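User: Could you take a close look at the charged side-chain contacts here, and then at the aromatic rings? I would like one connected explanation that I can follow with the model open.

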Amino acid sequence: MSDEFDRISLTLPSSMVDRLDGIVDDWEYPSRSAAVRDSLRDFFGAYEWESDGDHHHHGTIVVVHDHHAAGIADELQTIQHEMAETIVSVQHIHLSHDTCMETLVVEGAAGDITALANQLRSVTGVQQVKVVVVDE
C-alpha cells in the first residue's frame, strides 16, 4: 500500500458507527480507517464487476446442490467441460448425505463468469449459487 494518504471525513448515523466499531474490535482492525479501506476495496471491486463485462477477474463460484437430483452430476460436469476456459479448478465436498457443495475457481471476463453462474443456477437440484470475484 502506498504511504500517501488523503484524509476525508464521513458523516454516518450513530448506529452505523456503533456497528463499525464492533466490527473493528471483533476483527481486530488497527483502526476504523483500516476497516473502511478494506470495505472500499470490496466496493470498488463490485463496481468494476458490474460496470465492465470485459475486465479480467479471478474468483470463485460456490454451488450447493441436492446430491440425489436426477442427472445433476452429469449436467454439472457437462457445464464445467463446456466452460473449461473459464474454470481453473473444481472442488467437490459432501456436506451431508443429501447435499454437496462444489467450489469452482474461475478466471476470465465478467460476462463469461456471469454466464457460467447463470447456467449453474438453471440446473434442477441446484439450491444456491454464490459468486465472489476479486480484481488482480
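Analyst: Happy to. Let's start with Asp-21, which forms a salt bridge with Arg-32, their closest N and O atoms lying 2.6 Å apart. Here a salt bridge is a side-chain nitrogen of Lys or Arg within 4 Å of a carboxyl oxygen of Asp or Glu. Asp-21 sits in helix H1 (residues 14-26) and Arg-32 in helix H2 (residues 32-51), so this pair ties together parts that are 11 residues apart in sequence. Helices (H or I, at least four residues) are DSSP runs, numbered from the N terminus.

Before going further, a word on the source: this is a predicted model, in which local features need pLDDT of at least 70 and side-chain atom pairs count only at pLDDT 80 or more, while totals for chains, interfaces and linings use all residues. Residues are numbered from 1 along each chain as its sequence is written, and side-chain values use heavy atoms, with hydrogens and water left out.

How open to the surroundings are the two partners? Asp-21 is partly exposed, at a relative accessible area of 26%, and Arg-32 is partly exposed too, at 44%. In these terms, buried means under 20% relative accessible area, exposed over 50%, and partly exposed in between (1.4 Å probe, protein chains only).

A search of the whole structure finds 2 salt bridges. Arg-41 counts as partly exposed at 44% relative accessibility, and Asp-38 falls in the partly exposed class at 29%. As background, side chains of opposite charge can pair when their charged atoms come close.

Now for the rings. The structure holds 2 aromatic pairs. Trp-27 and Tyr-29 make a tilted pair, with 6.4 Å from centre to centre and 40 degrees between the planes. Rings of Phe, Tyr and Trp (its six-membered ring) pair if their centres lie within 6.5 Å; planes under 30 degrees apart count as stacked, over 60 as edge-to-face and the rest as tilted. Trp-27 is exposed, with a relative accessible area of 63%, whereas Tyr-29 counts as buried at 19%.

Phe-43 and Phe-44 have ring centres 6.2 Å apart and planes at 55 degrees, so this pair is tilted. Phe-43 is exposed at 54% relative accessible area, and Phe-44 is partly exposed at 49%.

Technical notes:
Helix = DSSP H or I, 4+ residues; strand = E, 2+ residues; numbered from the N terminus.
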